[in-house]
Amino acid sequence: MDLGLKPQHAPDYRLEVMGEEMLIYHPSQTKVVYCNATAALVWQLCDGTLTAAQLIDLLAKAYPEAGAAIPAQVSATLERFLSDGVITVA
């Protein structure tokens, strides 16, 4: 993914927390994407205001103990969200 693009939720997708599980779903489709806590946080930050690079930088600053792993993890999560169709980029 181009780190200069701004990821945002695809229309009508929602994050639902069900006990320990988190999933992104579309109410009128059968598609569901299961998320861990990190992926759910990335999803919440995909509001179209931050570029992918800014999102990575924000999380690296918020979680300095995991800073080295964050760029690859966030990039992979965004790629997965994009391929699953739950985000769009502009």
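**Figure 1. Surroundings of Lys31.** Apart from residues up to four places away in sequence, Lys31 touches Tyr13, Ile24, Tyr25, His26 and Asp84, where contact means heavy atoms within 4.5 Å. The model is predicted, so local features need pLDDT of at least 70 and side-chain atom pairs count only at pLDDT 80 or more, whereas totals for chains, interfaces and linings use all residues. Residues are numbered from 1 along each chain as its sequence is written, and side-chain values use heavy atoms, with hydrogens and water left out. Lys31 lies in the loop between β3 and β4; helices (H or I, at least four residues) and strands (E, at least two) are DSSP runs, numbered from the N terminus. With a relative accessibility of 33%, Lys31 counts as partly exposed; buried means under 20% relative accessible area, exposed over 50%, and partly exposed in between (1.4 Å probe, protein chains only). The side chain of Lys31 reaches the backbone oxygen of Asp84 at 2.6 Å. This is a polar contact, defined as a pair of N or O atoms within 3.5 Å; within protein, one must be able to donate a hydrogen and the other to accept it, and residues adjacent in sequence count only if both atoms are side-chain atoms. The C-alpha atoms of Lys31 and Gly85 are separated by 9.4 Å, although these residues stand 54 residues apart along the chain.

**Figure 2. The three-stranded sheet.** Three strands form an open sheet in the order β2-β3-β4, with antiparallel pairing; two strands pair if DSSP finds at least two bridges between them. Because β2 (14-18) and β4 (32-35) stand at the edges with a single partner strand each, one side of each is left without a neighbour in the sheet. From one strand to the next, the twist averages 30 degrees. Axes are lines fitted to C-alpha atoms, for helices over the stretch in contact, and angles run from 0 to 180 degrees between N-to-C directions.

**Figure 3. Strand pairings and the β2-β3 hairpin.** Antiparallel strands β2 and β3 are joined by five bridges, and Leu15 has Ile24 as its bridge partner in β3. The hairpin of β2 and β3 has two residues between the strands, and Gly19 takes a positive phi near 65 degrees there. Strand β3 (residues 21-25) is joined to β4 by four bridges, again with antiparallel strands. Leu23 has Tyr34 as its bridge partner in β4.

**Figure 4. The largest nonpolar core.** This core has 22 residues, of which Ile24, Val42, Val74 and Phe81 touch the most other members. A nonpolar core is a set of buried Ala, Val, Leu, Ile, Met, Phe, Trp, Tyr and Cys residues joined through side-chain atoms within 4.5 Å. Two or more residues come from each of the elements β3, β4, α1, α2 and α3, and α1 gives the most, with five residues. Not counting residues up to four places away in sequence, Phe81 touches Ile24, Val33, Cys35, Ala39, Val42, Trp43, Val86 and Ile87. In soluble globular proteins, nonpolar side chains tend to be buried together.

**Figure 5. Thr77 in helix α3.** Thr77 has its place in helix α3 and is buried, with a relative accessible area of 13%. The side chain of Thr77 reaches the backbone oxygen of Gln73 at 2.9 Å. Neighbours within four places in sequence aside, Thr77 is in contact with Ala39 and Val42.

**Figure 6. The salt bridges.** The whole structure contains two salt bridges, each defined as a side-chain nitrogen of Lys or Arg within 4 Å of a carboxyl oxygen of Asp or Glu. One joins Lys61 to Asp57, with the closest N and O atoms 3.2 Å apart. Both Lys61 and Asp57 lie in helix α2 (residues 52-62), four residues apart, about one turn of the helix. Lys61 is exposed, with a relative accessible area of 61%, whereas Asp57 is partly exposed at 39%. Another salt bridge joins the side chains of Asp84 and Arg80 (3.7 Å, N to O). Because Asp84 and Arg80 are four residues apart in helix α3, about one helical turn separates them. Asp84 is partly exposed, with a relative accessible area of 23%, and Arg80 is partly exposed at 32%.
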